[in-house]
Amino acid sequence: MVSNPPSGDDQVPFLSRAVNVRRSELPGLLSAAAYFFCLLSSYYILRPVRDEMGVRGGVENMQWLFTATFFAMLLAVPVFATLATRFRRTRLIPAVYGIFIACIALFWLWLRVDIQMVWAARGFFVWLSVFNLFVVSVFWSFLTDVFTDRQATRLFGAIAAGGSAGAIGGPAITGVLAQQLEPASLLPIAAVILACTLPCMWVLERWSSRSNEHSTTNQPLGGTLFEGVQAVLQSRYLLGICLFIWLYTTLATFLYFIQADIISNAIDDSGDRTSVFAAIDLLTNTLTVGIQLFLTARVVQYFGLGRALAFVPLLVAAGFLVLVATPVLLSIAAVQVLRRAGNYALAKPGREMLFTVVPRFKKYKSKNFIDTVVYRGGDAIAGWVYTGLTGLGLGISGISVVAVPLAVVWAVIGYRLGVSRQAQANDTATSALTAAGESDDRRQ
């Protein structure tokens, strides 16, 4: 679906070249972008700390950390589904973020008292892996609830750019402070920034309620605890999204293990490793924000969502071919920067657009299950597969050869999902026009 650009009095002059936004949508766009800015800024302060904690807990134990994360997700998802069934969105989402802010404070205390530091490092790694997926999944569920399909096509790239701007600020702060402070001292800074998402939520809710005066999207979802999982199992479309995400996490995990292996062998100092992780994040997000502002919406509108979703998998296939030939620090850094920039600029916003055409309960319950359990399940399985491949004697080059055909399959699935979403969006629009016509006939 290609949205018509705003014209005349509805156009926003200072944004028109970068973002196809209408004046009435501006408060929603800016509050959502600020929300994502604070969210990812907080996360990217914590991410290099997590990566360092993973190395400190032992690179050889990472498959156990990914498995522990998966089981933590199995516990967290039913809790969220229960809350979503009973509570309004205006209470549910702030409560989820408040819980995570409290957890940051508790981990800060644990790391400060210097007791069982190996287990503290492992616990923080697992917790942040849960935190990342949960808060981002809830954010995008919220957005697919308040923005229409047409608005999502035009605005999700710009909103994602707000997150990428925060993801630039987070690593920049970490890169400067990592050499002056111990990693644990970064946690309170991240907690304060995460708390700034709460007023952004309030503004976005107010804009949504004014824009949709008769909307019921703030009501509790109701239903049963596991209806989101049942909906996934009964839908070829949602199962396709599961497979798309599973392949993404598998290949991302392979690259993460390769990165940890190369960096742990190349750099001995803990502070230096944290700085390198932060530098990779900074380069990634600097590249991402420009693409999101100026290219994401245009690529989706011009080439279609299917081709946009296929682009990053093909880029990853090329990256693994590079690692086959040159498995060194510069290569993995370049591959990670390009792969993650492409994911954040195209694949991630595009993946969220897939959910704009599904019923509301699937946007929260099914989407949360896919974004957390399926995602981390893919991580856990990929961690053990990587360990098994190394046990068979395959090095980085050999594992990269195995990954290339998986990336090609990933591209095919992404293309077909984009085509299917477009067909569903067209069917919905046709049904709406037909219903409107029948209503006019009855009035006459």
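Modeller: We may begin with the secondary structure: the chain holds 14 helices and zero strands. Helices (H or I, at least four residues) and strands (E, at least two) are DSSP runs, numbered from the N terminus. This is a predicted model, in which local features need pLDDT of at least 70 and side-chain atom pairs count only at pLDDT 80 or more, whereas totals for chains, interfaces and linings use all residues. Residues are numbered from 1 along each chain as its sequence is written, and side-chain values use heavy atoms, with hydrogens and water left out.

Biologist: What share of the 444 residues in the chain is made up of buried residues?

Modeller: The term rests on relative accessible area: buried means under 20%, exposed over 50%, and partly exposed in between (1.4 Å probe, protein chains only). By this reading, buried residues make up 55% of the 444 residues in the chain.

Biologist: How does one judge the length of a helix, for instance that of helix H12?

Modeller: The expected span of a helix is 1.5 Å times one less than its number of residues. Helix H12 (residues 329-353) has 25 residues and should therefore span 36 Å; its end C-alpha atoms are 35 Å apart, which agrees.

Biologist: At which residue does H12 bend?

Modeller: A bend is the angle between axes fitted to the seven residues ending at a residue and the seven starting there. In H12 the bend is about 45° and falls at Asn343. H12 is also mostly covered, with 21 of its 25 residues buried.

Biologist: Which salt bridge does Glu352 form?

Modeller: Side chains of opposite charge can pair when their charged atoms come close. The criterion is a side-chain nitrogen of Lys or Arg within 4 Å of a carboxyl oxygen of Asp or Glu. Glu352 forms such a bridge with Lys367, and their closest N and O atoms are 2.9 Å apart. This pair links distant parts of the chain, since Glu352 belongs to helix H12 and Lys367 to helix H13 (residues 360-391), 15 residues apart. Glu352 is buried at a relative accessible area of 0%, and Lys367 is likewise buried at 0%.

Biologist: Where do Asp371 and Lys367 lie?

Modeller: An α-helix has 3.6 residues a turn, so residues three or four places apart point the same way. Asp371 and Lys367 both lie in helix H13, four residues apart, about one turn of the helix. Their side chains meet in a salt bridge (2.5 Å, N to O). Salt bridges that share partners join Lys348, Glu352, Lys367 and Asp371 into one network. Asp371 counts as buried because its relative accessibility is 3%.

Biologist: How many salt bridges does the structure hold?

Modeller: The structure holds four. One of them joins the side chains of Glu25 and Arg154 (2.6 Å, N to O). Glu25 is in the segment before helix H1 (26-56) and Arg154 is in helix H5 (residues 149-177), so the pair links distant parts of the chain, 129 residues apart. Both Glu25 and Arg154 are buried.

Biologist: How many aromatic pairs does a search of the whole structure find?

Modeller: Rings of Phe, Tyr and Trp (its six-membered ring) pair if their centres lie within 6.5 Å; planes under 30 degrees apart count as stacked, over 60 as edge-to-face and the rest as tilted. The search finds 26 aromatic pairs. Among them is the edge-to-face pair of Phe107 and Phe124, at 5.5 Å centre to centre and 80° between the planes. Because Phe107 lies in helix H3 and Phe124 in helix H4, the pair ties together parts that are 17 residues apart in sequence. Phe107 is buried at a relative accessible area of 11%, and Phe124 is buried at 0%.

Biologist: Which residues make the nonpolar surface patch?

Modeller: Patches are made of residues with over 30% relative accessible area and no salt bridge: like charges are joined within 9 Å, nonpolar side chains (Val, Leu, Ile, Met, Phe, Trp, Tyr) within 5 Å. Accessible areas come from the Shrake-Rupley method with a 1.4 Å probe, and for residues only the protein chains shown count as cover. Here Trp110, Val113, Ile115, Val118 and Trp119 make a nonpolar patch of about 490 Å². Helix H3 (89-113) and helix H4 (117-146) each supply at least two of its residues.

Biologist: Is Trp119 buried or exposed?

Modeller: Trp119, found in helix H4, is exposed because its relative accessible area is 51%. Ala121 is also found in helix H4, but Ala121 counts as buried at 0% relative accessibility.
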